[in-house]
2 protein chains.
Amino acid sequence: MDLFYYPEPLANLISSLARLPGIGPKTAARLSFYMLHNPEDATNLARAVDSALTHIHPCTVCGNYTADDPCAVCAGAKRDRHLICVVEQPRDVVALERTGEYRGLYHVLHGVLSPIDGIGPEQLNIKNLLSRLDGINEVIVAVNPTIEGETTALYLSRLLKDLNIIVTRLARGLPMGADLEYADDITIARALEGRRAMDN
Amino acid sequence: MDLFYYPEPLANLISSLARLPGIGPKTAARLSFYMLHNPEDATNLARAVDSALTHIHPCTVCGNYTADDPCAVCAGAKRDRHLICVVEQPRDVVALERTGEYRGLYHVLHGVLSPIDGIGPEQLNIKNLLSRLDGINEVIVAVNPTIEGETTALYLSRLLKDLNIIVTRLARGLPMGADLEYADDITIARALEGRRAMDN
């Protein structure tokens, strides 16, 4: 990125923006000029960043991002306290909550096992999970269907095997709107494997 | 955008980001989670925004964004001081400088005439231009080839007509890599109109 033509504080702004995922140098320059042209939006953004960094932290119970502690789900009076859904990231909690289909508790690992990146069980929020299992009937392992996700799911299921807790995974299959012609082989294989009788 | 599932400081960060051009609610959420996960990048960004807003301002001579006053171009010892190139926005200065083909001065209007949006000559950096014309031989009007740009160019050329200054515009024609088949009619018409004899 050639920042030679920009005065230094502007060049710094451009390169700070370009460090964000999915923001290339051209977008970073465009956003920077927008901010100089709209200082109120820019100030609000800087204050919102500071405020989020100050007030948002992982819930000490479940690990989800929250401003209060414990978080709204952990403190929720109407949640099913016999069920924990384990996810990789806080954004996965939002995805599940949005469906309105889940009323149990969550546990956020903040990552998945990845020996190649030096991420073992110690680097994840797993110890806290073990201290929450009293009264839990089922743990849904809702990590993403990737190699690392599969490894993590297997690790957790072995860890919980002897504790009389049912460990389940999200169903794999064709997503809504998918086209068999373009689906990958593994997705089709999993969809076949997991086929269900029709209610008729 | 449904921010119901996010704690308030995080919801504020998402909506502050989503106010930026080209950033939709999904990207804003993704960037916010990235920032919480990478607080150093987030802090650097907030500081860079503050610093740019504090130190960057329009050059009192040409109107380009600068940290010094006058800006590096206006203060440049090697610039041709008989030539001014008038552009709409500071980003246009960068585009022209990058070519390395232009050694004159600049003048940034910070917009174009647009009566429908209430932008007349008073709202643009035009008065300052008139005070800079001493010793100037040529003014290149490098506004964009849009309706408003054409209007602005015409206005400026009439304003400068009686001052013994040559007023020129950037050539219109086919851009590099263009395909006649897909070029629009006006571009082809302008390219025909501006055809040049080949040096052979």
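Tutor: In this predicted model, 46 residues of chain B are in contact with 46 residues of chain A, contact meaning heavy atoms within 4.5 Å. Residues are numbered from 1 along each chain as its sequence is written, and chains are lettered from A in the order in which they are written. Local features need pLDDT of at least 70, side-chain atom pairs count only at pLDDT 80 or more, and totals for chains, interfaces and linings use all residues, while side-chain values use heavy atoms, with hydrogens and water left out.

The size of an interface is often given as the accessible area lost when the parts come together. Between chain B and chain A the buried area (accessible area, 1.4 Å probe, that two parts lose on being put together, summed over both) is about 4,300 Å², and carbon and sulfur atoms give 74% of it.

The count of salt bridges (a side-chain nitrogen of Lys or Arg within 4 Å of a carboxyl oxygen of Asp or Glu) between chain B and chain A is 4. In a salt bridge, the side chain of Arg47(A) meets that of Asp50(B), at 2.9 Å from N to O.

On the side of chain B that touches chain A, two or more residues come from each of H1 (8-18), H2 (25-37), H3 (39-55), S2 (65-66) and H4 (90-99) of chain B; helices (H or I, at least four residues) and strands (E, at least two) are DSSP runs, numbered from the N terminus. H3(B) gives the largest share of that side, 15 residues.
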